[in-house]
Every structure is written in structure tokens, then in C-alpha cells.
Amino acid sequence: MTMNMNKTLLLDIDGVLVRDRVLLDHVKNNIVSYVHKKVPSHKNPYNLNNMLYKIYGHTAKGLKKVYKLDTSDFDTEVYDIHVLEHLYDFLETREFKNDSEIVRHVLDIGFDVEFLSNSPLVWSEPVKYAIDRFRIKNKGAYEKPDFDTYLKFDPSREYIFVDDSINNLLPTLSLDNWNQIHFSPTKKSHFIDTVSSMDELLKKIQPRSDRPATSSSDTR
Ligand SMILES: [Mg+2]
């Protein structure tokens, strides 16, 4: 167990711990509505949002840069009561509870677990509470993929960074103490380790000695 003491598993939330398509589309619809409200002259807010997200990594940041708009109301507009209730429902699902168990196991074998998400606390805190209120670290919204974001982390620790966006993983390739894992249920990346489930992630990071006994040696 002590061999993991210096290791931190950094988890993205959307696309990794929260993968429900309907829920993620709900968030996205709210973002598209926000874009439409802020830039009503644009004929296709859906495409505009995709473009801003792709180039700037965050819609609000893109709106600020391109249109010089005040986007300080982004989080309150996007993460409204309806989408939060939708999140709370998702946190009760079997799928999420299974993944939570895996994250708690990672904590049990000595890893630190921390969220590295661009989402605000109103979104990430319920996820944290549902998994492990006290042991998971969650310092709030980051700005991936800005390089400065990654420099905020302790250079003396070993990080295993799991994200569903290659763009977010790429800047960390130049940091010696960071390992990258692309979370993708569908596509395999050729130059970054890919996992398609939390089960697979656990197998990848868990040293053999920490694995629970297999059923053949189970005496129950
Ligand atoms: Mg993500």
C-alpha cells in the first residue's frame, strides 16, 4: 500500500465519472442556449459553441476572447436547478455507484484522488460527496488545457491524469511526473494509453500485490 503514497489519480468529471449521454446533452443544451443568448446574431449557436470549445477549451473563455463579453454568469446560467437535479438522479444509478466503488478502492490502496475538471463546484461537489466526501480533493474549476493549470500541481508527486479529451492531456506530456490516460469507450489513441471503463483504469494503475485475491483462492 505504501508504494502508492506518492501517487495522485487526477480525474476529469464529464466524460469520465459522468458519462450519461442524456445528462451531458442536457448540460450542452444549456451551454448552447447561453451562447445564443450572448451572441443572438449568430445563426448557429450549436456550431459556434463547438468551435469555441474546440479552440479555447471552454465556451465561456472563447466568448470572452472572441466577443469581449462578460461571461461571469456562465456557471449560474448553465448549471441551473434542472440540470443539477438531473445530475443528482444520475448519482443514484448503478453505473455511477459501481464506478464510485472503484474510486474508493483506489483511495484504499493508498492513492490520493483529486478532481481536475473545468466544471464549477456546484457540479463537482455533489459528485465528490457521492463517492467519498472526505478523502477526495476538489479545489474547484480549473482551466484545462492551459499549461499554467498543470503547473499548479506538486512537481514532487506522481500524477496519473485521466481525461476524455486528448487536448487536455497533451500539454502534460512535457511534464516528467505526469502519466496520461485517455478515457474513451470507443476510440483507441495510438500514442496515449487508453481505457474504456473505470474497471480497465483500475487494472492499469493497480500493482499486482494490491489486487484482491482471485475467486480461485477465495475460501468463502
Ligand atoms: Mg471531460
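Reply: The expected span of a helix is 1.5 Å times one less than its number of residues. In this predicted model, helix α2 covers residues 45-56, twelve residues in total. From the first C-alpha of α2 to the last the distance is 16 Å, close to the 16 Å expected at 1.5 Å a residue.

The burial of the side chains comes next. L48, N49 and L52 are the buried residues of α2. Viewed down the axis of α2, these buried residues fall within an arc of 100 degrees, so they line one face of the helix. N47 and K54, on the other side of α2, are exposed. The cover over the buried residues of α2 includes α1 (21-38) and α3 (59-67). After α2 comes G57, which has a positive phi near 80 degrees.

K68 is not a glycine, yet its phi is positive, about 55 degrees. Most residues other than glycine have a negative phi. K68 counts as exposed because it has 7 C-beta neighbours inside 10 Å, the limit for exposure being 12 or fewer.

The domain assignment gives domain 1 as 7-20 + 94-205 and domain 2 as 22-84. Residues 45-56 of α2 therefore fall within the bounds 22-84 of domain 2. The C-alpha centres of the two domains, domain 1 and domain 2, lie 24 Å apart. Contacts between them involve eleven residues of domain 1 and eight residues of domain 2. On the domain 1 side of this contact there are five nonpolar, two polar and four charged residues.

The loop between α7 and α8 (147-151) holds K139. K139 has 12 C-beta neighbours inside 10 Å and therefore counts as exposed. In sequence K139 is 23 residues from L116, while the C-alpha to C-alpha distance between K139 and L116 is 8.3 Å. P145 also has its place in the loop between α7 and α8. The peptide bond from K144 to P145 is cis, with omega near 0 degrees. In general, most peptide bonds are trans.

Finally, the whole protein. It contains ten helices and five strands. The radius of gyration is 18 Å, close to the 17 Å that the globule rule gives for 220 residues, so the protein is as compact as a globular protein of that length. Its C-alpha trace spans about 65 × 40 × 30 Å along the principal axes. Of the 220 residues, 30% are buried. Among contacts between residues at least 6 apart in sequence, 55% join residues at least 24 apart.

Notes:
Residues numbered from 1 in each chain as written. Predicted model: local features only at pLDDT ≥ 70, side-chain atom pairs only at ≥ 80, totals over all residues. Contact = placed C-beta atoms within 7 Å. Nonpolar A, V, L, I, M, F, W, Y, C, P; charged D, E, K, R; others polar. Helix = DSSP H or I, 4+ residues; strand = E, 2+ residues; numbered from the N terminus. Buried ≥ 20, exposed ≤ 12 C-beta atoms within 10 Å, placed from the backbone. Arc of directions from axis to C-beta. Rg over C-alpha atoms; globule rule 2.2 N^0.38 Å.
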